[in-house]
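Subject: Model handover

Hello,

Please find the structure below, followed by notes on what came out of it.

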Amino acid sequence: DNRIIIAGACDALPKKDKPEVKKMDFFMCGLDKKGDPEWTQTFSGSKFDFFSSIAVDPITNHILLGGYFYDTLTVQNQKFVSSGKSDAIFLRFDTGGKLETSKQIGGKGDDRISSITTDNFGNAFIAGTFQKKIQFTEKTLLEVSKQGETGVFLAKYSVSGELISARLICSGKNTLVNSVATNGHLCLVAGSFQDFLNINNQKVPS
């Protein structure tokens, strides 16, 4: 709707009575078509957290933000606590920057959202990585079969924020997701791996 959305982070300033820790403060700002600020939202965690991807729902113009956090994360008075090392976080904001829905996704290992995109119907596609097991809902759990492997997941959410599907795409050593995109009925995921990749019941060497 001719608006500009900017999201980023800066090093958090240590408090005088507390030792310096590695952490980031995050901001998201809505600008009009001339570039003048209309609203700003800020939030922060307790450690070195990351927001890695932003998208806009073409149906509602809602803002989708994804990444991962360690220990705790507070967004507009909602506090999230990690269930393991890091948990993935998927947030939906309205056009004024107000938090509409939030999805915390995680397990005992490092679980991360790397990229978000949408289709023409407003469904959100989220790609990322996880270790061991990752819990999307009470009934939806993905896991890698071999110790030490990193799994790549692809999840689909509706406009209302409900999980439609989640699947394990592949797994391997040091797998990373760089980007996800949609093209008609196709969903494309790009990334990298080290040594080998298990995909479609095949072991592909690097």
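Two strands are said to pair if DSSP finds at least two bridges between them. Helices (H or I, at least four residues) and strands (E, at least two) are DSSP runs, numbered from the N terminus. This is a predicted model: local features need pLDDT of at least 70 and side-chain atom pairs count only at pLDDT 80 or more, while totals for chains, interfaces and linings use all residues. Residues are numbered from 1 along each chain as its sequence is written, and side-chain values use heavy atoms, with hydrogens and water left out.

The open sheet

Six strands make up an open sheet in the order S8-S9-S12-S13-S14-S15, with antiparallel pairing. S8 and S15 (202-205) are the edge strands, each pairing on one side only. From one strand to the next the twist averages 30°; axes here are lines fitted to C-alpha atoms, for helices over the stretch in contact, and angles run from 0 to 180 degrees between N-to-C directions. Within this sheet, S12 and S13 run antiparallel and are joined by eight bridges. Alanine 155 has alanine 166, in S13, as its bridge partner.

Threonine 150 is in strand S12. Its relative accessible area is 12%, so it counts as buried (buried means under 20% relative accessible area, exposed over 50%, partly exposed in between, with a 1.4 Å probe and protein chains only). Leaving aside neighbours within four places in sequence, threonine 150 is in contact (heavy atoms within 4.5 Å) with Thr129, Phe130, Gln131, Val144, Cys170, Ser171, Gly172, Asn174 and Thr175.

Strand S2 (residues 24-31) pairs with strand S3 (residues 37-45) in the antiparallel sense over seven bridges. Glycine 30 has tryptophan 39 of S3 as its bridge partner. The S2-S3 hairpin has five residues between the strands, and glycine 35 there takes a positive phi near 95°. S3 also pairs with strand S5 (residues 63-75), antiparallel, over two bridges; serine 44 is bridged to threonine 74 in S5.

Pockets

The search used a 1 Å grid over the protein atoms alone: a cavity is a set of points where a 1.4 Å probe fits but cannot get out, a pocket is an open set with protein on both sides within 12 Å along at least five of seven lines, and lining residues have an atom within 4 Å of a point. Grid points are joined across faces, edges and corners, and a volume is the space filled by probe spheres set on the points.

The largest pocket has a volume of about 540 Å³. It is lined by 30 residues, with Leu154, Arg167, Leu168, Ile169 and Cys187 nearest its centre. S12 (150-157), S13 (163-183) and S14 (186-199) each supply at least two lining residues, and S13 gives the most, with eight.

The second largest pocket holds about 300 Å³ of space. Of its 18 lining residues, Arg112, Ser114, Thr129, Thr175 and Leu176 are the closest to its centre. S13 again has the largest share of the lining, six residues.

Asparagine 61 has a positive phi of about 65° although it is not a glycine. It sits in the loop between S4 and S5 and is partly exposed at 30% relative accessibility. Lysine 132 also has a positive phi of about 65°. Lysine 132 lies in the loop between S9 and strand S10 (133-135) and is partly exposed, with a relative accessible area of 48%.

Regards
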